[in-house]
Amino acid sequence: MPESLTKTENNSSAHRVTGASILLEKVTKSYGSGKAAVDGLTMEIPAGKVVMLVGPSGCGKTTTLKMINRLIEPTEGRIVLNGEDVTTMDGDKLRRGIGYVIQAGGLFPHMSVAANIGLVPKMLGWDKKRIADRVDELLELVSLDPNAYRDRFPKELSGGQQQRVGVARALAADPPVLLMDEPFGAVDPITRQRLQDELINIQAELQKTIVCVTHDFDEAVKLGDWIAIFNEGAQLVQYDTPERILAEPANEFVENFIGSGAGLKQLTLTRVADVGLAEAITASPGDDPQAVLARITAAGHGHAVVLDARQRPLQWLSRRQLSRLKAIDSALDAKLPVVGSRATLNDALDTMLVSSAGAALVTGAREKFLGVIDVSTIMEAISAAHAAASEATEDAPVGLNTGAIAIAEGHRA
Amino acid sequence: MSLAIAELEATRAPSGRSWTPLAYQLLGIVVVLGVLVIWLLTADLTATERTTLDPSALLGYTVEHLKLTFLAAVIVLVIAIPVGIALTRKPLRFLTGPVLAIANIGQAAPAIGLVVLLAFWLGFGFWAATLSLVLYAALPVLRNTMVGLQQVDERLVEAGRGMGMSSTAVLFKVELPLAVPIMLSGIRTALVLLVGTAALATFINGGGLGILITTGVNLNLTRVLITGSVLVALLALAIDWLGRVVEHVAMPKGL
């Protein structure tokens, strides 16, 4: 009976947050003498969000990640998981409750896919049936057919498939927190993109707290709700949303790290559906070209969009074309510049630049025509994003280095 | 479903896991043994040769030889494998390099020297022979245990720890299974070495097939000398074959 209760609860809130918040409090890691790898870092990681740790190699971002599950024991400081201090609890027990994904999946080559995924549930004492069901469920989740893949060995999988199994293994016991260490570093760019998209979809469904280390800033922008940029010694240079980091880099180091094309990267953050579209004069096949021409002249437009009976765009006629036409036919112009409403502004701009009209038609569900997007719309969206980004978000998580501040003061003195 | 599995097995089989070379090795051993037996049966043996090469005596020497070999092997396994594991664990890891270097040098030391030196120290006989054999054969086992554990991808160990496996669980479920192929080949090498080196035991009264060789040399009995040498060689090859069969069967799936 209680089981059915929880089930309905699950259904009613399909997209509830299942993640846990993480707090690193004045965490320091030093190896013997010399400079600390991580120095007095305090960092809040909100529940159910994706936080990307980025920075140059050797900056301590991986050390920071591994201190969350205490694979690396902090020299000083506290780690708090969902309000509970886990700094001194049994490390193995702690790690069983935190998913861990490494580059290339880190699958055990002498175990089948099912055995790899079932490792943590087995350690937690689940019975065989439950483990087998969970393995199949997870394989489905990462888009692998259970019947084809559960009995395979890792070497019989491609790099991308191995990485998927790695993610499935980390999710096996349904942990609230997922730690990923350069998860997509070892696969080709096309597979990486697909895996990133899949991770976004999985995250939309599961709402875990994900902490992910990467050296690829574009990946951080794509996946992250929050991005933490580190410099050497795990100095937290900037900890903010991708939008804010792109619009307002904290200093030159961040600017350099973002690299060229910050403006273009900003375009990948906004979807066409989120910006205001311009209206257009529409026509149907069979209309009189002269009447349509009169209508667009009256409205001060340069073009008219020809739609079919189901409101799908067929042609986009300029005044000049209209003045020469005898009748509007129902042929489909193959070179019509069309973007979907889920496309990014970056894609839209790309389509626009190659179209003769300098604008693009936007379509929604079932290719229904929604409106026109042009360069000025994009410019407006960018300046609006800049304006919005210049105001710091109020719910921004805390992130600071006590150690770094002390060092800076020491220098000044 | 079962068909699909059979298909998978079929595609997996050719990847360096064929039984054919093993069958040839066994066939070769049997043929040479047959030739030896026929040659001895048809040869015109002197009386001394006949006594020395009496079948029951030959069997006795062989059993003695195998006893020496296997006793030494068991002692080697019991000592060298745990020591090899211990030397690759974190607290002792700094010793891995030096010990490997010593093991490599020790391997180059001549066996006969070791056997005789130990005999002077411990007195002649079976146990001195066994101890020298153990010392000699421990090196490849120790070496391969350490190398086998060392070559396990560091990231797999970390993945295991990261999932919440204890270090013991990682050792037994990840590191050792992945080290098995290299460890087994070390054990096989040790066994073959043992069979060969056990022939030297006769110098310090340790018994074994070596007596045929020394008798053959001392009394200028060529047939006895040849029989002894060939038997030792065949025994080594047979043990090597057995080791390969075990490696073949014990190879972890998926590698």
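Colleague: Let's start with Asn82(A): how many other C-beta atoms lie within 10 Å?
Modeller: Asn82(A) has 14 other C-beta atoms within 10 Å, so it counts as partly exposed. The cut-offs, with C-beta atoms placed from the backbone, are these: buried means 20 or more other C-beta atoms within 10 Å, exposed means 12 or fewer, and partly exposed is in between. This is a predicted model, in which local features need pLDDT of at least 70 and side-chain atom pairs count only at pLDDT 80 or more, while totals for chains, interfaces and linings use all residues. Residues are numbered from 1 along each chain as its sequence is written, and chains are lettered from A and ligands numbered from 1 in the order in which they are written.

Colleague: Where is the place of Asn82(A) in chain A?
Modeller: Asn82(A) sits in the loop between strand 4 (76-81) and strand 5 (84-85). Helices (H or I, at least four residues) and strands (E, at least two) are DSSP runs, numbered from the N terminus. Asn82(A) is not a glycine, yet its phi is positive, about 55°.

Colleague: And what about the phi of Asp174(A)?
Modeller: Asp174(A) has a positive phi of about 55° and is not a glycine either. Its loop runs between helix 8 (159-170) and strand 7 (177-181) of chain A. Asp174(A) is partly exposed because it has 14 C-beta neighbours inside 10 Å.

Colleague: Stepping back, how many helices and strands does chain A have?
Modeller: Chain A has 18 helices and 17 strands. Of its 413 residues, 40% count as buried, and the C-alpha trace spans about 85 × 65 × 45 Å along its principal axes.

Colleague: Which residues have the most contacts inside the largest nonpolar core?
Modeller: They are Met52(A), Leu53(A), Ala228(A), Ala137(B) and Leu194(B), in a core of 163 residues. Helix 9 (residues 167-198) of chain B gives the most to this core, with 15 residues. A nonpolar core is a set of buried Ala, Val, Leu, Ile, Met, Phe, Trp, Tyr and Cys residues joined through C-beta atoms within 7 Å.

Colleague: What does Leu194(B) touch?
Modeller: Leaving out residues up to four places away in sequence, Leu194(B) touches Thr69(B), Ala72(B), Ala73(B), Leu133(B) and Ala137(B). Contact means C-beta atoms, placed from the backbone, within 7 Å.

Colleague: Last one: is Gly210(B) buried or exposed?
Modeller: Gly210(B) is buried, because it has 25 C-beta neighbours inside 10 Å. Gly210(B) lies in helix 10 (residues 210-218) of chain B.

Technical notes: Two residues are in contact if their C-beta atoms, placed from the backbone, lie within 7 Å.
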